[in-house]
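Welcome! Here is a friendly briefing to read alongside the picture.

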Amino acid sequence: MPTRPDWNEAELLKRLQAGDKQAFATLVREYHRKLLAMARAIVGESIADEVVQEAWLSAYKAIGRFEGRSSLKTWLMRIVINEARTRLRHESRLISLDTSPFDDVEPMESRFDETGHWAQAPVTWSADSPEELLTGEQLADCLEHTLAQMPRMQRAALTLRDMEGVELAEICNILTVSESNVRVLLHRARQRVFNLVDHYQETGEC
Amino acid sequence: MLRCKDVARQADDYLDQRLSWRQRLGVGLHLLICVHCRRYLAQLRLLIAGLRARRAPASDEEVRRVIQRLEEPDRD
């Protein structure tokens, strides 16, 4: 779902194909962060920005020929994925040096005792709504830090699925892993963030 | 009877309704008697919703930067 409730794809497309710059800015505003998350997942942090800029340029040049057979979102995602993969092929130093994301131990392993019961049970979180849970500058910083420390594939799965709402099938395509692998990645990433929030709720610190 | 550790491992699939009815029953029964796991499930659900709530459009600055670089003359 677009972030804007008044999104009208047909209307926007007409304006885009007429060369309306404001309409293109609207497109950028809506999808830029999602495309960045996708690029990061493929080429990593350092050149993701460049890749997305190239993708926007391609889109800008090609919008006149876009026939609307897919949604704008899907079209943009395709462009970014292609651009990212092309870059990846040409820059071998970017090839993932991640050790298998599945060697990682379960993030909550140490919270259970040898009988499988909670040794360190979750505290009760105080938040009246999901929106309220992760606001607050300090926790936002903690979250950024936790994300940065996560194995790249776990971070990618979490940002793409839980933050950007990308469909699982698309994530499989982006990360080139099976759906069950994506689920494991998500599970582990979420547990890491859970640990963070739980600790923060208890102590007020990261 | 499932252990808490098993429930935590299956929690994401439980929330996504991907467990078989038998597995779902196992988790459900455990949740009836375990306040810790009830809390874990509820807060995991809250966390996922909280992450989703952080979704935002690009900032004015980000948009400006993209558009500006689109309008630079071709480097080639």
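Predicted model: local features only at pLDDT ≥ 70, side-chain atom pairs only at ≥ 80, totals over all residues.

Residues are numbered from 1 along each chain as its sequence is written, chains are lettered from A and ligands numbered from 1 in the order in which they are written, and side-chain values use heavy atoms, with hydrogens and water left out.

**Where the chains meet**

- Chain A brings 57 residues to the contact and chain B brings 40, where contact means heavy atoms within 4.5 Å.
- Together the two chains bury about 4,400 Å², 58% of it on carbon and sulfur atoms; buried area is the accessible area (1.4 Å probe) that two parts lose on being put together, summed over both.
- B:Leu51, B:Arg55 and B:Leu70 supply 16% of the area that chain B buries against chain A, more than any other three residues.

**Salt bridges**

- Ten salt bridges are counted between chain B and chain A, each a side-chain nitrogen of Lys or Arg within 4 Å of a carboxyl oxygen of Asp or Glu.
- In a salt bridge, the side chain of B:Arg18 meets that of A:Glu179 (3.7 Å, N to O).

**A look at A:Pro122**

- A:Pro122 sits in the loop between helix H4 (72-90) and helix H5 (130-133) of chain A; helices are DSSP runs (H or I, at least four residues), numbered from the N terminus.
- Because its relative accessibility is 3%, A:Pro122 counts as buried, a label for values under 20% relative accessible area (1.4 Å probe, protein chains only).
- Beyond its neighbours within four places in sequence, A:Pro122 is in contact with residues including A:Phe194, B:His36 and B:Tyr40.
- A:Pro122 and A:Gln201 are 79 residues apart in sequence, yet 9.6 Å apart in space, C-alpha to C-alpha.

**The nonpolar core**

- The largest nonpolar core has 92 residues; such a core is a set of buried Ala, Val, Leu, Ile, Met, Phe, Trp, Tyr and Cys residues joined through side-chain atoms within 4.5 Å.
- Helix H2 (residues 21-43) of chain A gives the most to this core, with 14 residues.

Key: Helix = DSSP H or I, 4+ residues; strand = E, 2+ residues; numbered from the N terminus. Buried < 20%, exposed > 50% of the residue type's maximum accessible area, 1.4 Å probe, protein only.
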